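Please walk through this protein model with the structure open beside you. The tour goes from domains to cores, then to strands, a helix and single residues.

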Amino acid sequence: MKAIVLHEHGANEKLTLDPNFPDPKPGPDDVVVRVRASSLNYHDVFTRRGMPGIRLDFPIVIGLDVAGEIAEVGAAVKDWKPGDRVLVDPIDRVNGGLVGETIHGGLAERCRVGAHQLIKLPDEVSFAEAAALPVAYGTALRMMEKVGQIQPGEKVLILGASGGVGVCAVQLAKLAGAFVIAAAGSQEKADKLRALGADDVILYTEEDFAKAVHARYGKPARRRSVQGGGVDVVVNFTGGDTWVKSLRCLRLGGRILTCGATAGFDPKEDLRFIWTFELKIFGSNGWEREDLHRLLELVRSGRLKVLIDRQWPLEQGAQALASLEDRKVFGKVLVGA
């Protein structure tokens, strides 16, 4: 089969198209999925570059998110049959492992996974929509609803709002009844975010986002007896030099939500803001199985939109990842038919 294969860590040219990669064969409890769509995430960039503490067995096919049709089933599989439309939960919650990292992933014509990782795909949800959901939308759902518990009327500032996690976070904050402030790098992305539901947009390429928050929504007060400004929540999964600025945006008692660090995992810290303004920092990691079912229902019902920047052919999988790494996208990047 055709597959985009990583043989060693490094730059994007380390991803190569192999037209004769071995076809996967199902074990007794496995299925082989004919991949119809696979979405890319920044995790795939980190996998290609190499991550501290994570060792890969090369060669590996990347691509965490997979949707398609069952092509083959193992001898012990009872509840699934060839032709079933499925979404794959990238996390193997029985044996351990992660699709696209320790298990061959979606940038291939076929992918072998455990039958316990499958979720039935409603007819109303396309393969492309489904493939965009687990890593980005699943992470956003857990962060915004279960961990962050966004409330009606809260002011929520979302950094990285144009990416996969970001466009979902914007929509979920609106569904919760919040006032959404999105940070964007261009006017084109700002317009798209407003169309998606953002109430305000800050162009961080033209103004410091923390200063913009203070100018528009006031500076936070240090004492509970004083009416101050700031936002209730900052969603920051970029890290890097945005971290301390995010703390400065929060009102007294505000909270910051984080689920990643695409711009750097070891930012400079300023503990004074945390204790002075009694800030709360919440981390959110991944998603649960029920989160994927909820996402499929939100998409099926039309309450949640799946934003797809572009769907690339499998042969151009490496170029697709490069577009994500260069932040030239709005929403999700997909690969497949």
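What follows is a guided reading of the fold, part by part.

This is a predicted model, in which local features need pLDDT of at least 70, side-chain atom pairs count only at pLDDT 80 or more, and totals for chains, interfaces and linings use all residues. Residues are numbered from 1 along each chain as its sequence is written, and side-chain values use heavy atoms, with hydrogens and water left out.

Start with the domains. The chain is assigned domain 1 (3-134 + 287-335) and domain 2 (148-283). Such bounds come from an automatic or database domain assignment. The C-alpha centres of domain 1 and domain 2 lie 30 Å apart. Twelve residues from domain 1 and 15 residues from domain 2 make the contact, where contact means heavy atoms within 4.5 Å. The size of an interface is often given as the accessible area lost when the parts come together. Here about 1200 Å² is buried between domain 1 and domain 2, and carbon and sulfur atoms give 66% of that area. Buried area is the accessible area (1.4 Å probe) that two parts lose on being put together, summed over both. On the domain 1 side, Leu 304, Arg 327 and Phe 330 lose the most area to domain 2. Together these three residues account for 43% of what that side buries.

Now look at the cores. A nonpolar core is a set of buried Ala, Val, Leu, Ile, Met, Phe, Trp, Tyr and Cys residues joined through side-chain atoms within 4.5 Å. Buried means under 20% relative accessible area, exposed over 50%, and partly exposed in between (1.4 Å probe, protein chains only). The largest nonpolar core has 57 residues. Tyr 137, Met 144, Leu 193 and Val 235 have the most contacts inside this core. Helix 3 (residues 133-147) supplies the largest share, eight residues. Why does this core lie between domain 1 and domain 2? Both domains give residues to the core, so it lies between them. Met 144 shows the packing: beyond its neighbours within four places in sequence, its contacts include Ile 150, Val 156, Leu 172, Val 235 and Leu 257. Another core lies apart, with 25 residues, among them Phe 21, Ala 108, Leu 324 and Val 329.

Next come the strands. Helices (H or I, at least four residues) and strands (E, at least two) are DSSP runs, numbered from the N terminus. Two strands pair if DSSP finds at least two bridges between them. Three strands form an open sheet in the order 2-1-4, with antiparallel pairing. Strand 2 (15-18) and strand 4 (60-61) are the edge strands, and each pairs on one side only. Strand 1 (residues 3-6) is joined to strand 2 by four bridges. Across them, Ile 4 has Leu 17 as its bridge partner, and Val 5 has Thr 16. Strand 1 also pairs with strand 4, over two bridges. There, Leu 6 stands opposite Ile 60. In a regular strand the side chains alternate between the two faces of the sheet. In strand 1, Ala 3 and Val 5 point one way, Ile 4 and Leu 6 point the other way, and all are buried.

Move on to helix 1 (42-49) and the loop between it and strand 4. The buried residues of helix 1 are Tyr 42, Asp 44, Val 45, Thr 47 and Arg 48. They pack against strand 1, strand 2, strand 3 and helix 10 (317-325). Gly 50 follows helix 1, with a positive phi near 105°. Met 51 lies in the loop. Leaving aside neighbours within four places in sequence, Met 51 is in contact with His 43, Phe 46 and Glu 101. Met 51 and His 9 are 42 residues apart in sequence, yet 9.3 Å apart in space, C-alpha to C-alpha.

Strand 3 (residues 30-40) holds Val 33. Is Val 33 buried or exposed? Val 33 is buried, with a relative accessible area of 0%. Gly 68 is 35 residues from Val 33 in sequence, and 6.0 Å in space, C-alpha to C-alpha.

Finish with the cysteines. A disulfide is counted as a pair of cysteine sulfur atoms within 2.5 Å. A search of the whole structure finds zero disulfides. Cys 168 is in none, and the nearest cysteine sulfur, that of Cys 259, is 10 Å away. For the sulfur of Cys 259, the closest cysteine sulfur is in Cys 168, and 10 Å is too far for a bond. Cys 168 is also buried, with a relative accessible area of 0%.
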